[in-house]
Amino acid sequence: MVKINIDGNDLEAREGSTVLEVARENNIDIPTLCYHPELTPSGDCRLCLVELVRGNRSKMVVSCLYPVEPGLVVKTNTERVQTDRRMVMQLLLSICPGSELLQDMGKKLGVGKVEFPVEKNPCILCGLCVKACKEVVGVGAIGFAQRGTKRVVTTPFDEPSGTCIGCGSCVFVCPTKFVKMEDKNGYRIIPNWGVKLKLVNCSKCGTPFAPERQLEHIRKKLKLPADALTVCPSCK
Amino acid sequence: MTLTISVCGGTGCSAQGSGDMRQAFESLIKEKGVKAKLLFTGCHGFCENGPLVVIGPKKIFYNKVKAEDVPEIVEKTVLRGEVIERLLYVDPATNKRVVYEDDVPFYQKQQRLIFGLNGKIDPTKIEDYIAAGGYKGLEKALQQMTPQGVLEEVKKSGIRGRGGAGFPTGLKWEATRKAHGDLKYIIANCDEGDPGAFMDRSLMEGNPHSVIEGMIIAGYTIGASEGYIYIRNEYPLAVQNTSVALAQAEEIGFLGKNILGSDYSLSITVNRGGGAFICGESTALMASLEGKAGEPRAKYIHTSERGLYDRPSNLNNVETLANIPHIVNRGAGWFSSVGTAGSKGTKIFSLVGKINNTGLIEVPMGVTLREIIYDIGGGIKNNKKFKAVQTGGPSGGCIPESLLDLKVDFDELARAGSMMGSGGMIIMDENTCMVDIARYFLGFLAEESCGQCVPCREGIKRLLEIVTNIAEGKAEMGDLDLLERLGSTVCDASLCGLGQTAPNPVLSTLKYFRDEYVAHIVDRKCPAGVCKSLIRYFIVAENCPGCGLCVKACPVKAITFMGKKKPVVLDQDMCTKCGSCFDACKLKAVEVR
């Protein structure tokens with residue numbers, strides 16, 4: 001165990017854990033957007049910024065990545081932290097003003113009027129969908145392309161995905177509801193990735209319930225026989 | 001003494017046809033049976049006056065040479081030792097011709113420790129480098145010193161990394177040396193991307209062995225068994241010369257298994273860059289080496305512990321590495337006697353912009369900006385007034401005239417709100433608009449931001465939007481406050497060095513040239529006459545003799561010829577404000593307001 005101090009509280013932390021993990025375990029609130037406990041943190045949204053204090057010097061780090069070390073002194077709520085978080089949130093709100101999540105977080109952080117011209121971009125490039133698809137699902141159908149303000153999440157060569165299994169994990173993790181999914185006339189459609197996959201009908205009730213590609217993926221992953229997964233969750 | 005003909009094959013001289021000159025010399029020497037050694041060398045540094053030819057051993061210095069001058073040079077200078085007056089450099093200060101290279105003022109005030117060999121050796125011949133004392137440092141390190149001994153020497157020398165941040169090289173090496181791992185990497189960073197900077201390029205093109213020697217010594221010190229030299233693919237000659245040099249070094253036994261009979265082994269590979277500015281950042285460079293997109297990561301766990309392929313890695317700028325053989329050869333005491341208290345040794349700078357002597361210079365740390373710009377750089381072009389110098393590349397700051405006596409080193413530049421960076425210096429004159437400059441650099445960085453983190457991707461974009469509005473006369477005074485607040489967060493919150501320093505050009509120009517910003521916003525005027533939305537060109541009727549030069553120069557036919565001795569007429573609606581008429585007029589009959 002490592003002894004650290006967050007906002008004046010002496011805490012015990014597991015070796016190898018991050019400042020954010022320790023803070024959450026101790027009910028210290030640090031806002032996050034691109035962080036998910038099941039995914040590798042990348043520190044892209046910068047909302048979890050905290051100030052590290054060493055003597056009379058301090059520096060800003062993102063808590064989702066910073067590993068604990070003995071004697072670490074962390075301040076999660078200084079004026080500087082708040083100012084930076086508010087400015088970052090303003091930048092996010094200016095590109096994606098329609099997101100309810102962002103609006104709520106902005107309100108909580110005390111962001112007033114957005115001082116930049118407002119755009120209508122539904123995606124904030126947090127990368128959760130990319131990581132979920134790769135790390136949890138194990139497919140990696142999507143990724144980042146281009147750089148800077150041209151950066152987008154897309155499929156290879158922007159073509160309809162040939163590998164997406166239509167599981168909808170990307171939809172589930174998306175904080176701004178940019179990635180959309182719909183089951184219609186026996187097909188699963190994810191327009192973002194140009195995907196339209198035929199759904200398999202439940203062998204008991206006949207209702208279409210999952211894309212064949214997804215079932216195949218699960219069978220392979222869990223080493224199930226070819227006749228497994230033919231029944232929908234409600235008939236099981 | 002051998003007779004030598006040294007033809008500069010650097011970027012500037014090559015672009016002006018020094019390759020043809022080399023061929024002309026080659027065939028003439030053969031034809032006439034001249035006993036002279038022809039060298040096609042790397043950059044000599046005085047690019048402004050290229051192509052350059054230096055005839056040794058006396059070092060008779062010819063500038064602005066053309067291929068058709070070659071027969072005369074061979075006939076008169078090489079064969080008979082005569083000096084050709086018209087090819088000599090004329091010192092603009094005294095109007096006198098200078099015969100020898102060492103007497104050219106541009107070179108006189110320099111201390112060319114790293115760069116000196118560039119004009120004297122053929123970079124594709126390892127014999128040349130060895131004959132000049134090359135690889136002696138490696139020999140000494142491997143045969144007379146322990147890795148710990150080399151490390152102590154490098155630490156004692158006080159050398160700091162030449163790539164940008166100026167981190168003490170010895171400490172960086174020590175961290176990698178101490179890190180646990182069966183395989184460690186030594187990497188040379190030659191992904192020079194700053195606009196106007198070409199020192200790493202010239203070093204790699206002109207003297208690759210000096211970098212390789214430094215790299216092997218570094219590898220020996222930290223215990224690396226594999227090495228990479230990451231070179232911009234836009235530097236094909238550097239890639240080529242380095243590849244040739246590596247093959248030669250391996251053949252002789254400076255690389256490969258059991259170097260010089262020791263039990264140290266190292267192999268080095270050249271890796272061509274992927275074409276992004278961000279790849280010069282250490283973690284992005286390593287990602288790129290691994291074949292991934294060149295995107296940086298947070299360095300809370302240092303690359304000295306987990307770098308390339310998650311193994312202990314040591315990355316150095318090529319100029320840093322080229323210093324190492326000298327430190328080993330001549331000792332830390334000698335090295336640290338050059339420079340200032342906190343910055344030791346020399347530094348190569350590229351002088352570009354509105355300066356008379358465009359080129360590469362090497363000076364001891366602590367030389368003042370004034371000495372660099374006026375004594376070596378020859379002052380401002382066309383006798384204009386100096387306004388600012390931008391140091392440290394696109395993320396550096398603009399330093400005003402009041403700070404010209406600042407002693408150039410890592411700490412002084414940082415105190416002035418700029419940085420050493422890799423050593424680019426862009427000189428600006430009275431006709432440069434500082435708002436426009438801030439806009440240019442923000443535009444560059446907005447293009448080059450990788451886009452991973454929000455403050456850099458969105459923040460630089462917004463900074464650029466605001467500065468563009470200012471340049472176009474569409475801003476309010478409150479925008480200056482927003483620029484400063486946003487700039488501060490982008491510095492604070494960005495993931496890597498690119499974002500953390502990106503606001504520097506705008507913040508430093510705001511600090512030193514605030515009145516120019518105010519003029520754009522309040523008066524809707526660009527004092528330097530640069531920002532197109534805020535200026536108009538006018539014909540001053542009493543000065544205009546109707547010569548018609550401007551009429552010919554105007555690309556959009558906005559100026560009408562009204563007859564001889566009658567002033568021309570400029571149609572404001574058609575004018576695109578390109579400034580061609582202003583440049584064409586010799587009689588001050590075109591005015592910018």
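Two residues are taken to be in contact if their C-beta atoms, placed from the backbone, lie within 7 Å. On this criterion, in the predicted model described here, helix 6 of chain B meets helix 10 of chain B through Gly137(B), Leu138(B), Ala141(B) and Leu142(B) on the side of helix 6, and through Glu213(B), Ile216(B), Ile217(B) and Tyr220(B) on the side of helix 10. By class, this contact has 6 nonpolar, 1 polar and 1 charged residues. Helix 6 comprises residues 136-144 of chain B and helix 10 comprises residues 208-222 of chain B; their axes come within 9 Å and cross at roughly 15°. Because angles under 35 degrees count as roughly parallel, helix 6 of chain B and helix 10 of chain B are assigned to that category. The crossing of helix 6 of chain B and helix 10 of chain B is left-handed.

Helix 10 of chain B also packs against helix 13 of chain B, which covers residues 318-336; here the axes are 7 Å apart and the angle is about 75°. Since the range from 65 to 115 degrees is classed as roughly perpendicular, helix 10 of chain B and helix 13 of chain B are therefore roughly perpendicular to each other. The residues contributed by helix 10 of chain B are Ser210(B), Val211(B), Glu213(B), Gly214(B), Met215(B), Ile217(B) and Ala218(B), and those they meet in helix 13 of chain B are Val318(B), Leu321(B), Ala322(B), Asn323(B), Ile324(B), Pro325(B) and Val328(B). The class composition of this contact is 10 nonpolar, 3 polar and 1 charged residues. Glu213(B) and Ile217(B) take part in the contact with helix 6 of chain B and also in the contact with helix 13 of chain B.

Helix 17 of chain B, residues 454-471, contains 18 residues and reaches 25 Å from its first C-alpha to its last, close to the 26 Å expected at 1.5 Å a residue. Of its 18 residues, 15 are buried, so helix 17 of chain B is largely enclosed by the rest of the structure. Helix 17 of chain B is followed by Gly473(B), which has a positive phi near 70°.

Glu448(B) is located in helix 16 of chain B, residues 434-448. The threshold for burial is 20 or more other C-beta atoms within 10 Å; Glu448(B) has 21 and is therefore buried. When residues up to four places away in sequence are not counted, Glu448(B) touches Ala276(B), Phe277(B) and Ile278(B), together with Gly148(A). The C-alpha atom of Glu448(B) is separated by 8.8 Å from that of Leu498(B), 50 residues apart along the chain.

Several backbone features of chain B occur in loops. A cis peptide bond with omega of about -10° joins Gly50(B) and Pro51(B), and Pro51(B) lies in the loop between strand 2 (37-41) and strand 3 (53-56) of chain B. A cis peptide bond also joins Gly56(B) and Pro57(B), with omega of about 10°; Pro57(B) is placed in the loop between strand 3 and strand 4 (60-62) of chain B. Lys59(B) is likewise in the loop between strand 3 and strand 4 of chain B, and its phi, near 65°, is a positive value in a residue other than glycine. With 18 other C-beta atoms within 10 Å, Lys59(B) is partly exposed. Asn382(B), in the loop between helix 14 (369-376) and strand 13 (386-391) of chain B, also has a positive phi, near 55°. Asn382(B) counts as exposed because 9 C-beta neighbours lie inside 10 Å, whereas exposure is assigned at 12 or fewer.

Chain A contains 6 helices and 11 strands. Its C-alpha trace spans about 65 × 45 × 30 Å along the principal axes. Of the 236 residues of chain A, 36% count as buried. Among contacts in chain A between residues at least 6 apart in sequence, 52% join residues at least 24 apart.

Between the chains, 25 residues of chain A are in contact with 26 residues of chain B. On the side of chain A that touches chain B, strand 4 (57-62) and helix 2 (79-95) of chain A each supply at least two residues. The largest share of that side, 7 residues, comes from helix 2 of chain A. By class, the side of chain A that touches chain B has 15 nonpolar, 4 polar and 6 charged residues.

Methods:
Residues numbered from 1 in each chain as written. Chains lettered and ligands numbered in written order. Predicted model: local features only at pLDDT ≥ 70, side-chain atom pairs only at ≥ 80, totals over all residues. Helix = DSSP H or I, 4+ residues; strand = E, 2+ residues; numbered from the N terminus. Axes fitted to C-alpha atoms, helices over the stretch in contact; angles between N-to-C directions. Parallel < 35°, antiparallel > 145°, perpendicular 65-115°, else oblique. Left-handed = near helix turned anticlockwise from the far one by under 90°. Nonpolar A, V, L, I, M, F, W, Y, C, P; charged D, E, K, R; others polar. Expected span 1.5 Å × (residues − 1).
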